[in-house]
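Work through the exercises below with the sequence and the coordinates at hand. Try each task before reading its solution.

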Amino acid sequence: MIIESNLKPRNYTEKEVVRIYNRDQQTFYIDSNVYPVDVYTSYSPKCERKIIIMTFIREDTKEVYKKWQDYETDQLKRPN
């Protein structure tokens, strides 16, 4: 069986993409059927470790970003 990849890598310019390093946000985007065009590792001085960066086309993320903001706000409002 051949499985079609959801990743559709392509060339892009810096201005047309957003880079997401937050794992929860990456998962939220993918769960919303918005997939990265690029994935790479970087180093986070703040965490002092390697992190995964996912690059998404900005135009593809407009709606899901709004949903992400609402999701984050809802999470902050919930009592622990």
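This is a predicted model: local features need pLDDT of at least 70, side-chain atom pairs count only at pLDDT 80 or more; totals for chains, interfaces and linings use all residues.

Residues are numbered from 1 along each chain as its sequence is written, and side-chain values use heavy atoms, with hydrogens and water left out.

**Exercise 1.** Determine the strand order of the open sheet and its edge strands.

*Solution.* Begin with the strands, which are DSSP runs of E with at least two residues, numbered from the N terminus. Next, apply the pairing criterion, at least two DSSP bridges between two strands; the three strands then form an open sheet in the order β1-β3-β2, with antiparallel pairing. The edge strands are β1 (17-20) and β2 (38-44), each of which pairs on one side only. Finally, β1 and β3 (residues 49-57) are joined in the antiparallel sense by four bridges, and Arg19 stands opposite Thr55 in β3.

**Exercise 2.** Identify which residues line the largest pocket, and classify them.

*Solution.* Start with the lining, which consists of Tyr21, Arg23, Ser44, Lys46, Cys47, Arg49, Ile51 and Ile52. Last, sort by class, with Ala, Val, Leu, Ile, Met, Phe, Trp, Tyr, Cys and Pro counted as nonpolar, Asp, Glu, Lys and Arg as charged, and the others, Gly among them, as polar; the lining divides into four nonpolar, one polar and three charged residues.

Notes: On a 1 Å grid over the protein atoms alone, a cavity is a set of points where a 1.4 Å probe fits but cannot get out, and a pocket is an open set with protein on both sides within 12 Å along at least five of seven lines; lining residues have an atom within 4 Å of a point.
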